Amino acid sequence: GGPNRYNNNGYSHENEQIQNALNVTIFHWGVQAWVVYAIVAISMGHMCYRQGLPLSMRSTLAPLFGKATWGWFGDMLDVLTIATIVAGLCTSLGLGASQILAGLMRLGVVDPDSDDDAQTDMKTWICAIITLCATASVVTGLDYGIKTVSQTSFIMGNFLMVVVFCLDEPWYLLNVIVQTLGFHAQHFVEISFFTDAFSQLGTGKGGPNDGYGAHQSWMDWWTIFYWGWWISWAPFVGTFMARISKGRTIRNVVAYTLTVPFFYALLWFCVFGGAALRMNRRAEYLQTAGLAAFNDTTHFVSQDIGFRPAVSSGHCFEVPGAIDHAGYEDYTANTLVSPVCAFVYGDAQGYWFDVMNQYHGMGNFLCWVSVITTILYFVTSSDSGSLVVDLIAGNGQHPHVVQRVVWALSEGAVCIALLRAGGSTALSSLQAISIVMGLPFTIVLMLVCTALWRALKLEAGDMKPVNKRTDWTMPLYGGIFDVIEVVLSGGCAPMPPVSFIVYFVLGLFVPPLMLNRAMLGVSAKGEAESKVVQMMTTAASAVFLVLFVLFHVMEVAFSGFFGYAWFCYVAFAILVAVQRHGVRQAYKIEGSGPEDFFVSLLLYPQVLAQMVVQLQEVPVDSGNAKGVDEWDTVIGSASPEAKSEETGSDIKTW
């Protein structure tokens with residue numbers, strides 16, 4: 001709802017607005033959504049089937065974080081993954097319950113004019129029934145329950161699509177498909193990078209003054225919501241795709257993942273969306289014709305339209321074979337596709353059933369098929385999600401069936417709790433949870449991309465194996481962070497050297513001292529810098545840090561100084577990053593400039609400690625390099641039996 005950059009740009013005609021609507025829909029459900037799933041699927045599949053690690057989200061970060069993925073860090077990642085999957089499933093289940101309720105209202109099973117409390121009660125029962133069905137499906141297993149339900153729902157969905165395509169206007173729908181494909185290809189890059197930057201400023205804050213453009217929150221309502229929703233589904237769908245992609249190349253996975261779902265989404269939205277758009281325009285035409293010919297906009301309103309909410313739903317019109325009035329001599333219409341209903345945003349959930357109700361008097365049958373199909377779709381989503389959550393919680397192995405039941409019931413319980421707590425605003429609550437969980441998992445996906453890149457470099461031989469290269473003696477996830485592992489393991493994990501902790505504390509409170517020590521160490525290793533440069537760099541780092549604190553203090557009395565403060569901090573981080581780059585060059589450690597900058601910006605005490613520890617080692621030739629065998633440690637620590645359940649291979653041999 002609300003104005004957007006297409007319907008409120010001051011010049012687009014109706015056809016352009018409709019085409020843009022289809023384009024945005026394909027954008028939200030097409031390639032951009034499936035890219036997220038492909039990243040997880042490729043990374044998880046490569047780690048499991050090529051490297052013998054468990055089919056779990058923590059395995060995807062093993063090339064970056066080494067042994068830490070099998071400690072508290074990996075546990076936290078799996079917990080976040082499970083919470084993200086549950087959030088995505090709850091959003092889908094809640095939205096599905098609203099859709100199913102709208103269908104039951106159209107069919108007269110539920111009072112269409114029931115109040116918000118009664119509707120919330122019905123949604124609760126719908127979620128409970130779907131959860132019980134999903135639980136039964138999970139108990140019967142993948143080959144019987146889950147497979148049968150998913151195939152049945154897919155067949156029924158295709159049945160509806162073929163029926164609508166044939167009973168509507170096939171040539172029109174074919175034109176819509178072809179036209180939308182070309183339009184989306186033409187505007188793919190533009191819409192992918194468009195952020196509504198100016199409209200998001202809002203009125204009086206730099207937003208548009210001419211009244212045109214999108215609502216300030218339109219991107220949040222739509223694109224950002226879909227972004228969070230797809231990312232929250234990434235570990236769920238990615239895991240399933242990884243399981244079915246065993247034996248295929250990365251090229252195969254990318255090609256089929258980004259094409260087959262896209263073209264299916266194109267068919268789905270062009271058929272059903274095209275039919276709905278055509279119906280709405282026919283309804284608007286009859287409303288206008290009634291006013292022009294009979295001075296009554298409701299002249300063609302159908303009196304027999306079944307059960308529809310009296311307040312929120314739009315008018316439905318009986319399609320006449322002819323209009324007996326001057327100017328309408330050329331009017332022709334297919335009266336078998338009737339009644340046609342106008343779209344009203346307040347009844348968006350029920351409009352699908354209005355579309356189904358217009359075809360050849362088969363409305364009730366098609367609506368019942370739609371309700372059953374929707375239920376089955378969400379049953380298969382819930383049971384598949386429970387299976388994946390169970391797999392991740394079991395570190396890539398399938399525990400007892402009771403655990404699957406617990407996860408299936410937990411997902412339903414969370415969804416019901418959100419619906420009950422949200423009441424009439426439950427939809428907003430469900431959308432918010434996807435966005436909230438999608439944000440932290442976006443950071444995880446960025447790390448997954450980097451880890452996959454490193455793993456593929458190793459696989460292709462573009463990066464030397466761990467036993468032939470130098471790594472950091474103290475990785476960023478080590479040192480003081482190993483204390484957390486000691487605590488959580490009850491003292492079973494070894495304590496890090498005391499010097500590592502001392503260096504971290506010194507880096508936190510007196511970073512110029514540690515930076516100077518690092519520079520002296522680099523000079524001693526042959527990367528000499530003049531003492532003047534060393535002194536100036538040390539002094540500059542001290543000045544920048546003091547000013548960073550001072551400007552923040554001054555912000556209490558004088559506004560605007562926080563900008564100067566953060567400039568000083570970034571300048572300090574750059575000095576640290578430059579020095580880290582020098583250490584890497586001296587020891588021929590794998591890495592990059594952007595990596596040096598961002599770790600220095602976000603974790604400078606650990607970076608300073610890492611450099612000082614590293615400089616205590618003797619640089620060696622890269623051909624005989626030795627360092628912390630973090631990746632080798634991962635391979636040997638993947639499971640107690642050093643075997644992957646999926647591959648059965650000996651993990652230590654890679």
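**Before you start**

This is a predicted model, in which local features need pLDDT of at least 70 and side-chain atom pairs count only at pLDDT 80 or more, while totals for chains, interfaces and linings use all residues. Residues are numbered from 1 along each chain as its sequence is written, and side-chain values use heavy atoms, with hydrogens and water left out.

**The whole chain**

Show the chain as a cartoon, and you can look for 22 helices and 2 strands, where helices (H or I, at least four residues) and strands (E, at least two) are DSSP runs numbered from the N terminus. The C-alpha trace spans about 100 × 60 × 45 Å along its principal axes. Of the 654 residues in the chain, 48% are buried; buried means under 20% relative accessible area, exposed means over 50%, and partly exposed lies in between, with a 1.4 Å probe and protein chains only. Contact means heavy atoms within 4.5 Å, and among the contacts between residues at least 6 apart in sequence, 73% join residues at least 24 apart.

**Helix α7**

Select residues 170–186, which form helix α7. Its 17 residues should span 24 Å at 1.5 Å a residue, and its end C-alpha atoms are 24 Å apart, which agrees; the expected span is 1.5 Å times one less than the number of residues. Which residues of α7 are buried? Colour Leu-173, Val-176, Ile-177, Thr-180 and His-184, which are the buried ones. Seen down the axis of α7, the buried residues fall within an arc of 100 degrees, so they line one face of the helix; the arc is that of the directions from the helix axis to the C-beta atoms. As background, an α-helix has 3.6 residues a turn, so residues three or four places apart point the same way.

**Helix α1**

Move on to α1, whose 16 residues should span 22 Å at 1.5 Å a residue and whose end C-alpha atoms are 23 Å apart, which agrees. Its buried residues include Ile-18, Leu-22, Val-24 and Phe-27, and the buried residues of α1 pack against α2 (31–50), α7, α8, α9 (218–244) and α10.

**Two helix pairs**

Select α6 and α10 together: their axes come within 10 Å and cross at roughly 50 degrees, where axes are lines fitted to C-alpha atoms, for helices over the stretch in contact, and angles run from 0 to 180 degrees between N-to-C directions. That makes α6 oblique to α10, because angles under 35 degrees count as roughly parallel, over 145 as roughly antiparallel, 65 to 115 as roughly perpendicular and the rest as oblique. The crossing is left-handed, a word used if the near helix is turned anticlockwise from the far one by less than a right angle, with right-handed used if clockwise. Among the residues that meet here are Phe-154 and Met-161 in α6 and Trp-268 and Phe-272 in α10.

For the second pair, select α16 (residues 498–509) and α21 (residues 604–614), whose axes come within 8 Å and cross at roughly 130 degrees. That makes α16 oblique to α21, and the crossing is right-handed. The contact includes Phe-500 and Tyr-503 of α16 and Leu-608 and Val-612 of α21.

**Single residues**

Next, select Val-388 in helix α12 (residues 363–393). Is Val-388 buried or exposed? Val-388 is buried, with a relative accessible area of 2%, and, leaving aside its neighbours within four places in sequence, Val-388 is in contact with Ile-85, Pro-235, Phe-236, Thr-239 and Phe-240.

Finally, select Ser-338 and Pro-339, which are joined by a cis peptide bond with omega about 5 degrees. Pro-339 lies in the loop between β1 (316–317) and β2 (340–341).
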